[in-house]
Amino acid sequence: MDSLDAFARATLDRLDAHSLRRRLTPTERAGGAEVIRAGRRLVSFSCNDYFGLAHDPRVKAAARNAIDRYGTGAAAARLVTGDHPLASALEARLAAHCGKPAARLFGSGYLANIAIAPVLVGEGDLVLLDALSHACMLGGARLSGARTLRIRHNDLADLEALLAAERPAAGRCLIMTERVFSMDGDLAPIGAIAALAERFDAWLMVDNAHDLGVEAAPAAAPLEMGTLSKGLASYGGYLAASAPVIELMTSRARGFVYSTGLPPASVAAALEALDVLDAEPWRRTRPLELAQRFTRAAGLPEAASAIVPLVVGTAERALELSAALERAGYLAVAIRPPTVAEGSARLRFAFSAAHREADVDRLAGLVAELRIAA
């Protein structure tokens with residue numbers, strides 16, 4: 001134990017020396033876009049509650065009603081306890097939302113991404129992964145045992161060259177990317193990637209975790225993965241795909257087979273959130289509208305999604321700017337390596353339908369002043 005603790009302390013000291021140590025800060029979400037830290041009310045631009053539904057009375061009531069009827073937990077994996085009626089209802093809604101015949105729930109988006117790839121590819125196969133894809137996508141690719149290569153970010157020429165060079169010698173090939181990239185907020189050219197995948201007989205998997213679903217006819221992929229924990233104000237992940245693929249996941253995805261099912265309250269909250277979004281479609285468009293209002297006022301490149309990065313370089317500088325905004329009443333957490341590449345530490349602003357225009361405008365003014373001062 002002495003050597004274990006010594007290792008932990010030495011590693012923490014190195015992280016401290018480079019401003020890379022992470023610490024938990026007690027924070028209470030107070031409704032709307034506000035949080036409470038150290039007794040102060042702050043407007044948060046760090047939450048992924050894109051549609052402002054985490055405190056919606058209808059969503060909270062649905063979760064409470066599910067607890068009253070079904071209890072607080074699923075007790076075991078769905079293959080053991082039986083298929084919960086709420087879970088299958090949510091899967092049907094998610095499949096329809098993605099334009100797929102079927103869907104399967106997982107315990108989280110992270111769990112889904114590390115579970116899916118190992119079912120589809122293995123030794124002798126190939127995974128091509130966008131360089132900025134989420135860490136859990138890389139984790140799933142590595143767990144599969146397939147040869148994993150990184151594609152230069154959103155670089156179709158690089159993807160085509162890798163497919164031409166590597167695809168002939170591989171058994172199966174899986175391409176993985178995000179529809180909206182979580183740290184940069186830019187969009188993947190899904191239609192063009194799908195065309196290359198079809199040409200080279202590869203399978204495309206898209207992570208939709210940060211997608212707002214505002215496109216009238218989004219380019220589709222055979223494998224559409226998403227989460228319940230952001231826009232749907234709940235917790236969990238899912239894969240939408242063909243019926244045979246979903247049946248295969250049911251039997252072989254370790255993150256489904258060996259993991260306890262989602263709590264009934266989480267499933268009910270997501271179902272109600274989908275109902276609210278159907279009734280109030282303005283919630284889907286509002287985050288992008290506010291993000292673009294912010295980038296115009298702050299003098300930043302126009303937002304393509306609800307996520308706006310302000311890249312400042314060093315971890316120390318990102319922490320300084322985050323602290324300055326917090327003193328002014330805004331929460332914008334510093335994002336540091338290894339979440340982003342060395343030298344690209346940033347503030348990451350996430351916009352929600354719950355944000356007020358006045359707060360967006362004031363934040364933009366503060367950011368513009370801080371950029372000038374830098």
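1. A quick definition to start: two residues are in contact when heavy atoms of theirs lie within 4.5 Å. Please keep in mind that this is a predicted model. With that in hand, look at I116: apart from its neighbours within four places in sequence, I116 is in contact with F106, M205, M225, L239 and M249.

2. Where does I116 sit? I116 is found in helix α5. I116 has a relative accessible area of 0%, so this residue counts as buried.

3. Now for a helix pair. Two packed helices are described by the angle between their axes and the distance between the axes. For helix α5 (residues 109–120) and helix α6 (residues 135–144), the axes come within 7 Å and cross at roughly 30 degrees. Angles under 35 degrees count as roughly parallel, and α5 and α6 are therefore roughly parallel to each other. Their crossing is right-handed.

4. Which residues of α5 meet α6? On the α5 side they are G109, Y110, N113, I114, A117 and P118. Their partners in α6 are C136, M137, G139, G140, A141, L143 and S144. Sorted by class, this contact has eight nonpolar, five polar and no charged residues.

5. Finally, visit helix α12 (residues 282–298). At 1.5 Å a residue, its 17 residues should span 24 Å, which agrees with the 24 Å between its end C-alpha atoms. Buried residues in α12 include R283, R284, L290 and F294. After α12 comes G299, with a positive phi near 75 degrees.

Note on methods
Residues are numbered from 1 along each chain as its sequence is written. This is a predicted model: local features need pLDDT of at least 70, side-chain atom pairs count only at pLDDT 80 or more; totals for chains, interfaces and linings use all residues. Side-chain values use heavy atoms; hydrogens and water are left out. Axes are lines fitted to C-alpha atoms, for helices over the stretch in contact, and angles run from 0 to 180 degrees between N-to-C directions. Helices (H or I, at least four residues) and strands (E, at least two) are DSSP runs, numbered from the N terminus. Angles under 35 degrees count as roughly parallel, over 145 as roughly antiparallel, 65 to 115 as roughly perpendicular and the rest as oblique. A crossing is left-handed if the near helix is turned anticlockwise from the far one by less than a right angle, and right-handed if clockwise. Ala, Val, Leu, Ile, Met, Phe, Trp, Tyr, Cys and Pro count as nonpolar, Asp, Glu, Lys and Arg as charged, and the others, Gly among them, as polar. The expected span of a helix is 1.5 Å times one less than its number of residues. Buried means under 20% relative accessible area, exposed over 50%, partly exposed in between (1.4 Å probe, protein chains only).
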